[in-house]
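Please look through the structure shown here before reading on.

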Amino acid sequence: MPVPVLLATDALFFTLFLLLLVFVAIARRREHLRAPWRAVARSRLAVAATVVLGSYGVIGLLDSLHFHPPLDVAAHRPGQSHSTEVLSLFDVLVGPLRTQKEKTYSAPLATHLYTKESVEGPEGVTRVHPRLRHGGAHLSDPERDWAGDVASRVGKGLALAALIWSVILGLAAWRRGRRTREPVPRAALGLLRGEGPQPSHILFLTLAAVLSIGCVTAWLAAGYHVLGTDKVGQDVLYQALKSIRTGLVIGTLTTLVMLPAAVLLGVMAGYFRGWVDDLIQYLYTTLSSIPGVLLIAAAILMMQVYVANHEEAFASITERADLRLLFLCVILGVTSWTSLCRLLRGEALKLRELDYVQAAQAFGVGHFTVLRRHVLPNVLHIVLITVVLDFSALVLAEAVLSYVNIGVDPTTESWGNMINGARLELAREPVVWWSLAAALGFMFLLVLAANLLADVVRDALDPRLRAAR
Amino acid sequence: MIAYILRRLLYAIPILIGVNVITFVLFFVVNTPDDMARMQLGQKRVGEQAIENWKREHGYDRPLLINAGAQGAATVTDTIFFQKSVKLFQFDFGQSDSGRDIGYDIGQRMWPSLAIAVPVLLVGLLINISVALLLVFFRATYIDVGGVVLCVVLMSVSGLFYIIGGQYLIGKLLRLVPISGYDTGLAAAKFLVLPVLIGVVSGIGASVRLYRTLFLEEVNKDYVRTARAKGLGEAAVMFQHVLRNALIPVLTGIVVVLPLLFMGSLLTESFFGIPGLGSYTIDAIDMQDFAIVRVMVFLGSVLYILGLVLTDISYTLVDPRVRLA
């Protein structure tokens with residue numbers, strides 16, 4: 001039996017997911033909370049970006065379900081039924097990608113190694129590109145069969161994508177048809193044309209693109225290294241996909257861990273004024289006056305010293321790497337919460353003078369009830385905007401920090417670590433480009449989608465901007 | 001005015017003390033000097049004697065806060081807190097863990113950092129403002145929409161890509177300038193072109209979008225409508241009215257980073273092998289040289305606080321509506 005493992009970041013990640021579900025459940029029933037999100041859902045850019053972010057999110061969630069795999073019966077030792085290795089559900093789903101390693105570099109979809117090796121043949125020692133152990137190993141004559149095999153795999157992938165896409169479209173059309181009393185084909189046509197308030201045609205267009213890329217990649221990955229292999233022969237696609245979780249964790253948990261402190265302190269400073277305000281302002285001015293990178297560098301350095309001197313405190317390498325990831329989130333949060341705190345203070349300063357707050361105070365309502373019922377709900381949009389806006393900056397920051405060796409643990413897969421490992425590959429002759437390209441490409445797509453969504457969300461949630469239109 | 005500046009400077013003192021205490025806690029309380037010595041000398045197989053020697057060599061052999069063994073004022077002054085942290089206030093940085101004078105190194109390495117940071121700031125400002133103004137001039141047309149989309153795309157690309165891509169394209173493929181390195185005097189120019197170019201390009205996306213928003217806010221104001229109503233051409237409205245007023249937030253936003261220019265850029269300098277303060281910090285992090293990192297944290301904070309004070313002062317200078325409160 002696999003033994004489930006709950007890493008610290010997993011727990012927080014799922015907490016966040018639950019919070020999101022709770023928020024959706026609450027917002028569905030309140031018109032004033034629904035209205036801005038309806039505006040978001042009507043934006044074509046936001047719909048496309050959400051589909052992309054959603055597919056990243058699914059991979060991230062699958063990669064967060066960790067467990068100890070059971071040991072083989074042959075290797076069974078008494079008292080130990082599972083290995084100490086920590087795998088995720090995602091690792092199991094993409095099994096061959098993780099285990100099928102080559103000797104060293106190989107180009108995307110290649111059947112031969114990228115480097116030449118001396119091979120002893122019948123005509124003495126020759127320098128050749130040897131065949132890969134796994135990539136295209138099923139082909140008897142790569143020169144002849146390669147193109148045909150790749151084409152057929154692409155075709156099968158596209159067919160699978162079309163099938164899944166049609167099923168989703170059918171279900172959506174059936175639901176729509178029940179509401180509008182249309183026959184299903186007519187409703188499907190309506191969805192594809194984008195009739196109705198939401199841009200459903202964009203939704204299905206993006207879905208088609210994501211599904212095609214996903215299915216074709218999956219089909220190709222069964223026989224080849226789709227994005228090649230790196231220096232030690234690890235599949236680049238697998239690394240890039242595993243990095244998604246790291247990016248998402250940094251982007252979301254950083255804001256989440258500091259959110260309670262930032263909201264509480266910011267609102268209190270603005271509401272109570274006086275010495276509370278002075279104290280809180282002093283606190284965040286002092287923290288924010290240390291340049292972020294340097295504070296992170298100092299903290300990570302100290303963390304390294306602590307880990308080196310307390311090795312016994314960590315159960316496994318995975319757990320240590322995970323705690324370092326969480327620590328990075330916390331310290332990134334410390335450097336970034338101050339701007340949110342300042343914004344909330346300003347907003348609370350304004351709110352405390354408003355009539356309904358004054359009225360509540362005049363009725364003798366306690367300070368904390370006023371804060372909870374009248375101030376907090378009215379600063380919520382600022383919090384949401386900040387969370388969404390910070391996300392992309394944090395994903396980019398992770399790459400830079402890991403590159404400078406003050407980011408995530410070197411054993412954690414992340415785009416920054418991939419770039420760091422590939423830093424000298426462009427100087428090789430011939431150039432090895434796929435590692436860098438994969439890491440930058442995956443990161444770019446995530447950040448672009450997040451940026452586009454953030455813009456739409458900000459416009460929808462910020463009433464001041466809405467009035468200016 | 002002078003009273004205002006003095007008051008602003010006085011406000012900075014408690015913040016500096018706070019920063020100093022934070023660095024002290026971070027570097028000496030979270031991990032004791034013993035831990036640091038063990039880290040520097042290699043784990044486990046280090047004897048007590050070696051640790052004591054290392055601490056004495058680097059001046060970490062004193063008690064943290066109160067030296068009970070000393071007489072009079074020395075109970076407070078002969079401690080790590082006084083010797084290592086309080087002396088930062090006098091800009092007496094002491095020696096790095098490898099035995100070099102930190103103050104001297106900083107004085108030397110400041111100039112290459114400035115040689116990159118200042119051109120990046122000036123060229124970047126010129127380009128960003130021009131492009132933003134152009135977008136505002138063509139507002140609500142396809143040029144504007146396309147420009148904004150391009151900005152978002154540029155913003156979404158990792159800074160690492162600009163550096164790696166720039167080095168590969170211009171340095172390796174086109175062979176226009178050396179990929180990395182540095183030289184003294186005017187010979188340094190050919191090494192500076194690429195880092196400056198990349199610094200400017202990587203900043204365009206975010207800045208142009210910000211400036212465009214600032215300008216747009218200004219364009220919708222009443223005095224602009226008045227200017228048009230009295231028959232001024234669009235160019236005159238843009239340059240004489242919109243630009244002049246919109247520059248206030250732009251310029252005051254820049255004042256805050258002016259002092260930090262000394263610190264250089266971590267990424268650019270380490271990629272291009274430029275011996276500035278940014279690569280100094282990176283090297284210190286890699287070698288786990290705690291003394292240098294501590295000094296840089298303090299120095300960075302001082303410069304940032306200086307930037308904040310300058311910002312407040314510059315507001316009162318450029319915008320007469322701001323009262324000295």
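In what order do the three strands of the open sheet in chain A lie? The order is β1-β2-β3 (chain A), with antiparallel pairing, where helices (H or I, at least four residues) and strands (E, at least two) are DSSP runs numbered from the N terminus, and two strands pair if DSSP finds at least two bridges between them. This is a predicted model, in which local features need pLDDT of at least 70 and side-chain atom pairs count only at pLDDT 80 or more, while totals for chains, interfaces and linings use all residues. Residues are numbered from 1 along each chain as its sequence is written, and chains are lettered from A, and ligands numbered from 1, in the order in which they are written.

At the edges of the sheet lie β1 (3-5) and β3 (87-88) of chain A, each of which pairs on one side only. Between β1(A) and strand β2 (residues 66-68) of chain A there are three bridges in the antiparallel sense, and Val3(A) has His68(A) as its bridge partner in β2(A).

Chain A as a whole has 17 helices and five strands, and its C-alpha atoms fill a box of roughly 100 × 70 × 50 Å along the principal axes. Of the 469 residues in chain A, 38% are buried, a residue being buried if 20 or more other C-beta atoms, placed from the backbone, lie within 10 Å of its own, exposed if 12 or fewer do, and partly exposed in between. Tyr356(A), in helix α13 (residues 355-362) of chain A, is exposed, because 12 other C-beta atoms lie within 10 Å.

Turning to the interface, 36 residues of chain A are in contact with 39 residues of chain B, contact meaning that the C-beta atoms, placed from the backbone, lie within 7 Å. On the side of chain A that touches chain B, α11(A) gives the most, with twelve residues. The residues of that side divide into 29 nonpolar, seven polar and no charged, where Ala, Val, Leu, Ile, Met, Phe, Trp, Tyr, Cys and Pro count as nonpolar, Asp, Glu, Lys and Arg as charged, and the others, Gly among them, as polar.

Within chain B, helix α6 (residues 102-137) and helix α9 (residues 189-219) pack at an angle of about 40°, with their axes 6 Å apart. The residues of this contact divide into 22 nonpolar, five polar and one charged.

Technical notes
Contact = placed C-beta atoms within 7 Å. Axes fitted to C-alpha atoms, helices over the stretch in contact; angles between N-to-C directions.
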